[in-house]
Amino acid sequence: MLEFDARCSLGGFALDVAFHSEGRVTALFGRSGAGKSTVLNLIAGLARPSSGRIAVDGRTLYDSAAGIDVRPHLRRVGYVFQEGRLLPHLTVRRNLLYGRFFARNGGGASAASLDHVVELLGIGRLLDRRPAALSGGEKQRVAIGRALLAHPAVLLLDEPLASLDAPRKAEILYYIERLRDDVRVPIVYVSHSLDEVVRLADQVVLVSDGKVRAAGPVQEMAASVALRPYLGRHEGGAVIEARVAGQDLESGLARLEFAGGVLYVPDVDALTGETVRVRIRARDVSLALARPEGISILNVLPGTVAELGAADGSSLDVRLDVGGAPVIARITRHSAGRLGLAPGKPVFAMIKAVSLDRRSVGYA
Amino acid sequence: MWSLTPAESEALYLSLKVATWSVVASLPFAVAMAWVLSRLRFPGRGLVDAVMHLPLVLPPVVVGYFLLVLFGRRGPIGALLHDYFGITLAFRWTGAALACAVMGFPLMLRAVRQSLDAVDTGLEAAAATLGASPAWVFATVTLPLILPGILTGMLLSFARSLGEFGATITFVSNIPGETQTLPVAIYTFTQVPGGDAQALRLCILSVLLSLGALVVSEFLLRRANVRAGGRDA
């Protein structure tokens, strides 16, 4: 789907990144300034690598060995910039149709119709306005629509939520989710927010200082050691994929089944039978040697200790194997010693249902 | 009293014709040169920039003299134009237009370049990713965004042309009906005993003309600014 292998240096910053992804949504994850946006610019042809090869869906966009360097306007990438970059002198409608005009000239592939995109993104009311009259969230939706209507072979989203407040973020995230499931275009999603990555991506590429530190499927990556330093001490955790087995309307709890058992999670925005991803932060998981009785914690999962992480100050991460699914618990070194934790030891992981909020759950 | 004499209207008509043609003819060059200076980095860019601004600082007579040397019937460029294209500039109204264009060029160039420098190149990059070739990007993004600068440049150059005297009289002399624009006509009247009243009439005409140009351009500029700024017109 997406093959990327490029080196370049831009004003003292050296980038050497290679990854390969077959996912529908590939997330480039890392801190600001790690080189994530540069990767997108290289795919779009807005920056030029010194050497390497870039291909999307088997179509080579750049290959230094073969002397191929497709010019930006012929690459058919739909680029949604962090700041939207709508053309200020055109109305929303003409912004949306801007790319389609050229796609038609170039005999573009099957048309995503204006009506469909307008409906998908909920921007019907805005068509006759100019960009200056739009809110941040509206601008981003129009920018996404504009990119879609250019019939791109790949969509590049550069932190499309970065400039938005929390309610707008949730709104756009919802639209991007619909996009992913509706429009068959591979997406490269740049973000430094694990919430967004977990909700959207299948593949995660961890970028730092212009290099790939780790890459793989989102569940593996979330549990991997490589990602941990980038999460901050409160955000680390595991991601499990689960099926919605039922919704209890009276209690507001959803019953999620996964390989390791059953999870009760409040306020899940999904229908019975759908598959969701749940991120369980390590600090929300506590451990017990015997199944506790008479406690409020709903989720008690039996598992075994798979690995004890290195101590980080007074605490450490314990990786558990819960019926094949990874769960990570962050406990104090003191407790680990007291419980005598060692690989292979059976334990019970306890997760408060209220610690798993809506932000922890996304469609798979 | 209020009607123009045939000689006056001839000078007025000639001035407008010369100024209009000088603006129209220099505009493409000014936009192209502004783009080169704003977007390209090459050795000698500072020198080119300085040469382009020379007419602003040189005495107009010097510019007129250079034009005469280069574009005169025997000059290297003038001979070429005459022999191969049948175009004569020296002592013709077209030469006056050339003199005005050269004198107004730095003003137009500066205005266009300033607005080009202010254009967010990210918008041009965004248009490119949407499939627009460089020429299309320029026509549909860059040009509309620098329209206010272009209008300002056209006004400045037009006003400069209406007032241009030194280079014009040096290059194309003072021929009534051919190269005698308003300032040259005013100068001529001041040289004739008893010509004061006629000179004054032409001066008032000059003031009205310049004011009119200012008003029209201000109106156009406001509209262009609204569009380029992305507000609803």
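How many residues of chain A are in contact with how many residues of chain B? I looked this up before anything else. I found 22 residues of chain A in contact with 20 residues of chain B. I keep in mind that this is a predicted model.

**Entry: the side of chain A that touches chain B**

I asked which elements of chain A supply this side. Strand S7 (77-80) and helix H2 (92-105) of chain A each give at least two residues. H2(A) gives the most, with four residues. Next I sorted this side of chain A by class. I noted 15 nonpolar, four polar and three charged residues.

**Entry: confidence**

I checked the scores for the complex. The predictor gives an ipTM of 0.80 and a pTM of 0.77. Then I took the chains in turn. Chain B averages a pLDDT of 90, and 97% of its residues score at least 70. Chain A averages a pLDDT of 85, with 93% of its residues scoring at least 70. Where does the pLDDT of chain A lie below 50? I found this over residues 106-110 of chain A. Beyond near neighbours in sequence, that stretch has four contacts in the model.

**Entry: chain B as a whole**

I listed the secondary structure of chain B. There are 10 helices and zero strands. Read from the N terminus, the elements run α-α-α-α-α-α-α-α-α-α. I noted a box of roughly 70 × 45 × 30 Å for the C-alpha atoms of chain B, taken along the principal axes. Chain B has 233 residues, and 37% of them count as buried. I also looked at contacts in chain B between residues at least 6 apart in sequence. Of these, 73% join residues at least 24 apart.

**Entry: helix H5 of chain B**

I picked out helix H5 (residues 93-118) of chain B. Is H5(B) mostly covered or mostly uncovered? H5(B) is mostly covered, with 21 of its 26 residues buried. I then checked its length. At 1.5 Å a residue, the 26 residues of H5(B) should span 38 Å. The end C-alpha atoms are 37 Å apart, which agrees. I looked for a bend too. H5(B) bends by about 45 degrees at Gly104(B). A proline, Pro106(B), follows within four residues.

I turned to strand S15 (residues 275-281) of chain A. I followed one bridge residue by residue. Val239(A) has Arg279(A) of S15(A) as its bridge partner.

**Entry: two positive phi values in chain A**

I looked up Asp57(A). Its phi is near 55 degrees, a positive value in a residue other than glycine. Asp57(A) sits in the loop between strand S4 (51-56) and strand S5 (59-63) of chain A. Is Asp57(A) buried or exposed? It counts as exposed, because it has 12 C-beta neighbours inside 10 Å, and 12 or fewer is the cut-off.

I then looked up Arg76(A). Phi of Arg76(A) is near 55 degrees, again positive in a residue other than glycine. Arg76(A) lies in the loop between strand S6 (68-69) and S7 of chain A. I counted its neighbours as well. Arg76(A) has 24 other C-beta atoms within 10 Å, so it is buried; the cut-off for that is 20 or more.

Technical notes
Residues are numbered from 1 along each chain as its sequence is written. Chains are lettered from A and ligands numbered from 1 in the order in which they are written. This is a predicted model: local features need pLDDT of at least 70, side-chain atom pairs count only at pLDDT 80 or more; totals for chains, interfaces and linings use all residues. Two residues are in contact if their C-beta atoms, placed from the backbone, lie within 7 Å. Ala, Val, Leu, Ile, Met, Phe, Trp, Tyr, Cys and Pro count as nonpolar, Asp, Glu, Lys and Arg as charged, and the others, Gly among them, as polar. Two strands pair if DSSP finds at least two bridges between them. The expected span of a helix is 1.5 Å times one less than its number of residues. The bend at a residue is the angle between axes fitted to the seven residues ending there and the seven starting there. pLDDT is the predictor's confidence in each residue, from 0 to 100.
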